[in-house]
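This report looks at one helix and at some contacts between aromatic rings. Keep the structure in view while reading.

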Amino acid sequence: MTQTLAMMRGRFDPSRHGALLALVVIVLFNLAVTPNFLQAQTLFVNISQVATIAIVAMGMTLVIATGGIDLSVGAVMALSGALAPLIFLSDFATANPGLGLAASILVPIVVALCCGIFNGVLVSVLNVQPIVATLIFFISGRGLAQVLTNGNLQTFTNPSFSYLGTGRVLGLPFQGWLVLLIAVVLFWVVTRSVFGRQLLAVGGNERAARLSGIPVHRVKIGAYVICAGLSGLAGLIVVAINSASDAARIGNLMELDAIAAAVVGGTLLQGGRAPIFGAVLGAVIIQLVKYTLLANGIADEVALIAKAGIIIAAVYLQQARKE
């Protein structure tokens, strides 16, 4: 037993396994302190809440892996979430329910993909700094969504569309399975596909990647397009959960949560790494920290301070790993 513990201590590396250790500590703390933590309803609530963070964080991971950053994810969510009710509440959708439902999902995602092309072109072709390029849509995207809706709250009753946010598969929330599916696909893309290898090469050393013939522009644009598409999907899920669309609130501060989840999950801000399941783990930690504070009567604002502390700890561990 003593030898086993010694081996475990020898193999444990805080810079590699710190996120997993943090998750274990949070779960144990909740088991000891938080009432009703083991109830199924608590699990369902956390899965529903973490799904959107995880989906956006996976896209953010790809962007950061190229050495970039995307501050526009929350605005893309707001735009996507504003468009969907406008479409399926229109006269066309009322007359053609099936086509209207399909259009209310596809059109917002296509618009989100176009936002990703816009960001990607600014960053890769026009050489605008990623934080500046995505700041443009960070500012204008939510404003555009509010213009489209006249700043009004859109409420609706559409069981087919709401399935995105309230549906269950094998007893678990639909969006939880969606997160798992996206994670498996992106993990395969990063580890097995040519695009994934090019993505990591661009983030590791862009000049060397360019000299070796990798289409750096296309790879970077692809990362921003995937990130924006996933953000659009997350916006639809938020709207479906609430059966309402508020362009001023959808995706608010999501860029902070997504970056935090990616960094906590092991993504290097310098690029070159894209731990997809690490981003999901980071999202779970961020969500559980928020849940723990709220469930124990601590103000929501304190969660922002806690998130900042988590990011500082994750970056410190990254620096320690580099050294």
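## Helix H14

The expected span of a helix is 1.5 Å times one less than its number of residues. The model shown here is predicted. In it, helix H14 covers residues 276–295, which makes 20 residues. From first C-alpha to last, H14 reaches 29 Å, close to the expected 28 Å.

Most of H14 is covered, with 15 of its 20 residues buried. After H14 comes Gly 297, which has a positive phi near 80 degrees.

## Aromatic pairs

There are 7 aromatic pairs in the structure. One of them joins Phe 88 and Phe 161 in a tilted arrangement, with 4.9 Å between the centres and 45 degrees between the planes. Phe 88 belongs to helix H4 (residues 73–88) and Phe 161 to helix H8 (residues 159–166), so this pair links distant parts of the chain, 73 residues apart. Phe 88 and Phe 161 are both buried.

Another tilted pair is formed by Phe 118 and Phe 137, at 6.5 Å centre to centre and 55 degrees between the planes. Because Phe 118 lies in helix H6 (residues 97–125) and Phe 137 in helix H7 (residues 130–148), the pair ties together parts 19 residues apart in sequence. Phe 137 counts as buried because its relative accessibility is 10%, and buried means under 20%. Phe 118, with a relative accessible area of 38%, is partly exposed.

Elsewhere, Arg 168 lies over the face of Phe 44, 4.2 Å from the ring centre.

Key: Residues numbered from 1 in each chain as written. Predicted model: local features only at pLDDT ≥ 70, side-chain atom pairs only at ≥ 80, totals over all residues. Heavy atoms only, no water. Helix = DSSP H or I, 4+ residues; strand = E, 2+ residues; numbered from the N terminus. Buried < 20%, exposed > 50% of the residue type's maximum accessible area, 1.4 Å probe, protein only. Phe/Tyr/Trp six-rings, centres within 6.5 Å; stacked < 30°, edge-to-face > 60°. Lys NZ or Arg CZ within 6 Å of the ring centre and 35° of its normal.
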